[in-house]
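Please keep the sequence and the coordinates at hand while reading.

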Amino acid sequence: MRPSSRGEQAPAYPFSPAERDAVYRAIETRRDVRDQFLPDPIPDPVLRRLLQAAHNAPSVGFMQPWSFVVIRDAAVKAGAHQAFQRANAEAADLFEGERQDLYRSLKLEGILKAPVSLCVTCDPDRAGSVVLGRTHNPRMDVYSTVCAVQNLWLAARAEGVGVGWVSIFHEDDIRTLLGIPDRIEIVAWLCLGYVDALYQEPELAVKGWRQRLPLEELVHADRWGQPG
Ligand SMILES: Cc1cc2c(cc1C)N(C[C@H](O)[C@H](O)[C@H](O)COP(=O)(O)O)c1[nH]c(=O)[nH]c(=O)c1N2
């Protein structure tokens, strides 16, 4: 492969205050969506922009290991929902007493309600067996794919499209459902659809499952354990 001939650089001024605020607003008001999906279809150009945002993500060695299965077929969604129900029943059993009751009361997916689902996968062989930057940590390809998911999630917020990540599955159920080869890693099942309201805080916090941690407790100065 020849190096790109487009080597020019562009000025990198800070964003204007309004642009900067918009970026932070997308980050702060992005939510995981389970129940608020509207039935309106997502127009192809909008979906295309979201996929392009994902595809603009950073990736180890620029390997771009991601692929996106776009799912609109009701039968496939029903299969995924069944897979979720099986896994979720197992997950609920791992909690006890009131915690289990609370778990069972939570809505943890919107597979049937969301007009589109995306299955985001990672191909570890996309750039050959030796990848710049992945040699000493083979998980870097999956981390790259997660960057693509987050790009899409933030772009979706700006478009008024909600995204819900569903991970309560046996991976093999999804692999069989979508015909994904064994060598491809399944990274995310995302439910997508327009929303007209979002929780202002994470729904799990609102419903008493877990609260946001103070940032100060998570920042260390120079050495682990030293307050930042
Ligand atoms: C890797 C991964 C996997 C999952 C999630 C997220 C991520 C990053 N989240 C969403 C998660 O619960 C949510 O992000 C947090 O509760 C914080 O809320 P907001 O995203 O800020 O709304 C999620 N939510 C859910 O209802 N069912 C699920 O299976 C999952 N799985």
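Is Asp 173 buried, partly exposed or exposed? In this predicted model, Asp 173 has a relative accessible area of 25% and is therefore partly exposed, the limits of that class being 20% and 50%. Asp 173 belongs to helix 6, which covers residues 171–178, and, once neighbours within four places in sequence are set aside, its contacts are Ala 83 and Arg 86. With Arg 86 there is a polar contact between the two side chains, at 2.9 Å. By contrast, the C-alpha atoms of Asp 173 and Ser 59, which are 114 residues apart along the chain, are separated by 27 Å.

**The ligand and its surroundings**

The residues around the ligand include Arg 30, Arg 31, Asp 32 and Arg 34, together with Leu 108, the run Trp 165, Val 166, Ser 167 and Ile 168, and finally Pro 202 and Leu 204.

| Residue | Protein atom | Ligand atom | Distance |
|---|---|---|---|
| Arg 34 | polar side-chain atom | oxygen | 2.7 Å |
| Trp 165 | backbone N or O | nitrogen | 3.3 Å |
| Ser 167 | side-chain N or O | nitrogen | 2.8 Å |

The ligand taken alone exposes 610 Å², and 73% of that area is buried by the protein.

In soluble globular proteins, nonpolar side chains tend to be buried together. The largest nonpolar core here has 27 residues, of which Ile 111, Phe 169, Ile 174 and Trp 189 touch the most other members. Helix 3 (74–92) and strand 4 (185–194) are the elements that give two or more residues to this core, and helix 3 provides the largest share, with seven residues. Another core, of 25 residues, lies apart from the largest one, and its members include Val 46, Leu 51, Ala 156 and Val 187.

Which of the accessibility classes does Thr 145 fall into? Thr 145 is buried, because its relative accessible area is 0%, and the class requires a value under 20%. Beyond neighbours within four places in sequence, Thr 145 is in contact with Pro 65, Trp 66, Val 120, Thr 121, Cys 122 and Val 187. Cys 147, on the other hand, has a relative accessibility of 32% and so counts as partly exposed.

**A glutamine in helix 4**

Gln 100 is placed in helix 4, residues 97–105, and counts as buried because its relative accessibility is 18%, where the cut-off is 20%. A polar atom of the Gln 100 side chain lies 3.0 Å from the backbone oxygen of Ala 92. Leaving out neighbours within four places in sequence, Gln 100 is in contact with Ala 92, Asp 93 and Phe 95.

**Backbone angles**

Most residues other than glycine have a negative phi. Gln 64, although not a glycine, has a positive phi of about 50°; Gln 64 lies in the loop between helix 2 (44–55) and strand 1 (66–71), and at 22% relative accessibility counts as partly exposed. Asp 222 also has a positive phi, near 70°, and is found in the segment after helix 7 (203–206). With a relative accessible area of 75%, Asp 222 is exposed.

**Annotation**

An unreviewed UniProt entry places the feature "domain: Nitroreductase" at residues 27–194. In the model, the end C-alpha atoms of residues 27–194 lie 17 Å apart, and the span is 42% helix and 17% strand.

Methods: Residues numbered from 1 in each chain as written. Predicted model: local features only at pLDDT ≥ 70, side-chain atom pairs only at ≥ 80, totals over all residues. Heavy atoms only, no water. Core = buried A, V, L, I, M, F, W, Y, C linked by side-chain atoms within 4.5 Å. Buried < 20%, exposed > 50% of the residue type's maximum accessible area, 1.4 Å probe, protein only. Helix = DSSP H or I, 4+ residues; strand = E, 2+ residues; numbered from the N terminus. Contact = heavy atoms within 4.5 Å. UniProt positions renumbered as here; feature names shortened; annotations may be inferred. Near = heavy atom within 4 Å. Polar contact = N/O pair within 3.5 Å; in protein donor to acceptor, adjacent residues only side chain to side chain. Areas by Shrake-Rupley, 256 points an atom, 1.4 Å probe, with all protein chains shown as cover.
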